[in-house]
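Here is a short report on side-chain packing.

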Amino acid sequence: MAHQHHFLSRLDRLSVEQVDLALALYRDEALVRFILASVPLPERAERVAISLNHPHEGPFLVVTREGVFVTCLAAGMAVSDLPVVRRVQLDGAMVKAADFRERSRQFDVTAQKWGGPDGLLYRLQTAGAFLSREEIVALSVLQPILFQEMFTALAVVTEELNQLRDMLLPMVRKANKLGRASDPLLRHYWTSVWAVSHLTVLTALEGPTFFDRIPEPIRESLRDASFSWPSVRQGLIATVLRGLWGAARLGKSVVAGTKIAARKAQTILGVVDSVVGLAAVGLRHARVRTEVEEFLDSLSKADSGLSDGKELAPAIAGLMCATMRLDSEKPEELRKVAINVGRKVALETAANLVKGSTFAYEQPEDVPDSLATSLAFSLPMDVAAGGLAFELMAAMVPSAARARLEDLYLPRDFLRAVNARWAPEDSYRLLRPLATLYKPPPPDRSGPSRNGPCPCGSKKKYKRCCGADQST
């Protein structure tokens, strides 16, 4: 790096703390370029002033558009017409840069373990519930490059999952367990369920800019449809929370369409997707919180529009209103729900581990908060059954809506320690609730009865006349 001597000679205009920050930036060209790329700047601006304190009074670091340091301006010195990177923007960009570098480091380590990016993408499709925290973080580094491919894969896997479900549900309704020959199909269904949830969180990482990266026709249709439904529909606490997390990331853009969906919801999972999803958006984004709370309050007082007459949507809307109020008044109480649930799971798991294992915890307080939270967010409990699973999911929505991506996944070392493996029962656990929730359509009885009169007018039974050639 060629030293900008004029800049270095003007460092005496700064305080000791400001000099440390200025030199840290000066020595890190990549960071400065990242900061300048993160802030909207006029296209024709050749130089930029980076504020180290007050946005108008300074002091300032003056750099070129390419990140070459020019000079320091003491507090009170004018920057003329230079665009200014405010201190809050500087701090935010530095946090993002540090996060990206850590993710990139994890990507290098994890990708090497699985044979590069292709190996990681294979894990995304096949690891199921056992995709680790390290792997999802590594995949998040690929997301900006492969966003379109991941978004397309989400649609493809969702459609394939619908077909697998339609194939397997009649079989599960007839027999509690299928033969071993069905194991590959059952495993494929299981991995597809979880792949949908992985792809949901990865594509939602874009946040509100998600809509800027998808084709216009799809963009408009998604504003009135549910981005989170493919993940929520799977019905597990883990998949539901990942879907709601994705909706929360998208923010205000989905509020109008979700309101419409909330008034039309016909099943418990449909209500969770829309009503609870709307609450998740309000919990993450302060600027729409009041709008969301007012809508949920009005919905909680409305007559139910559900065909079975149950007050499902209003009741859940009332529950989420209460949850949002509690989040405002006592946020720590709700945060502790996930931690306490996760600690209980960790202790139950520890009972099956060899003594001396890193994860063989003996007391609840021994379980780290980060692991406990991820364990709670990863529960494979059926939300559609109501009861405890639904209550836990609802109580964890405030924490999940604001969670980091890695909070939704378990660390690799923990998955190794518990020897996480797929078994056919894992697939049955997903299918059995759906076999009850989604009833098969009634048989078509519009044709003539075999024992009834033949419609041709022969006065014979249909089975002995025109229907005689049809197999029974």
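F227 is buried, with a relative accessible area of 8%. Buried means under 20% relative accessible area, exposed means over 50%, and partly exposed is in between (1.4 Å probe, protein chains only). F210 is buried too, at 0% relative accessibility.

This is a predicted model, in which local features need pLDDT of at least 70, side-chain atom pairs count only at pLDDT 80 or more, and totals for chains, interfaces and linings use all residues. Residues are numbered from 1 along each chain as its sequence is written, and side-chain values use heavy atoms, with hydrogens and water left out.

**Aromatic pairs**

The structure holds 10 aromatic pairs. Rings of Phe, Tyr and Trp (its six-membered ring) pair if their centres lie within 6.5 Å; planes under 30 degrees apart count as stacked, over 60 as edge-to-face, and the rest as tilted. Two of these pairs are set out here.

| Pair | Centre to centre | Angle of planes | Type |
|---|---|---|---|
| F147 and F151 | 6.1 Å | 10° | stacked |
| F210 and F227 | 5.2 Å | 65° | edge-to-face |

F210 sits in the loop between α7 (183–204) and α8 (216–223), and F227 in the loop between α8 and α9 (229–232), so their pair ties together parts 17 residues apart in sequence. Helices are DSSP runs (H or I, at least four residues), numbered from the N terminus. F147 and F151 both belong to helix α6, 4 residues apart, about one turn of the helix. Both F147 and F151 are buried. Ring pairs link F147, F151, F210 and F227 into a cluster.

A charge also meets a ring. R242 lies over the face of Y409, at 3.9 Å from the ring centre. The rule asks for NZ of Lys or CZ of Arg within 6 Å of the ring centre and within 35 degrees of the ring normal.

**Nonpolar cores**

A nonpolar core is a set of buried Ala, Val, Leu, Ile, Met, Phe, Trp, Tyr and Cys residues joined through side-chain atoms within 4.5 Å. The largest has 112 residues; Y189, I237, V272, L296, M393 and V397 touch the most other members. Helix α6 (residues 133–174) gives the most to this core, with 16 residues. A second, separate core of 26 residues includes L14, L36, L90 and A97.

Which residues does M393 contact, leaving aside neighbours within four places in sequence? They are I237, V240, L241, L244, V272, V276 and V383. Contact means heavy atoms within 4.5 Å.

**Cysteines**

The count is 0 disulfides, taking a disulfide as a pair of cysteine sulfur atoms within 2.5 Å. C321 is buried, at 5% relative accessible area. C465 is partly exposed, at 23%.

How values were computed: Helices (H or I, at least four residues) and strands (E, at least two) are DSSP runs, numbered from the N terminus.
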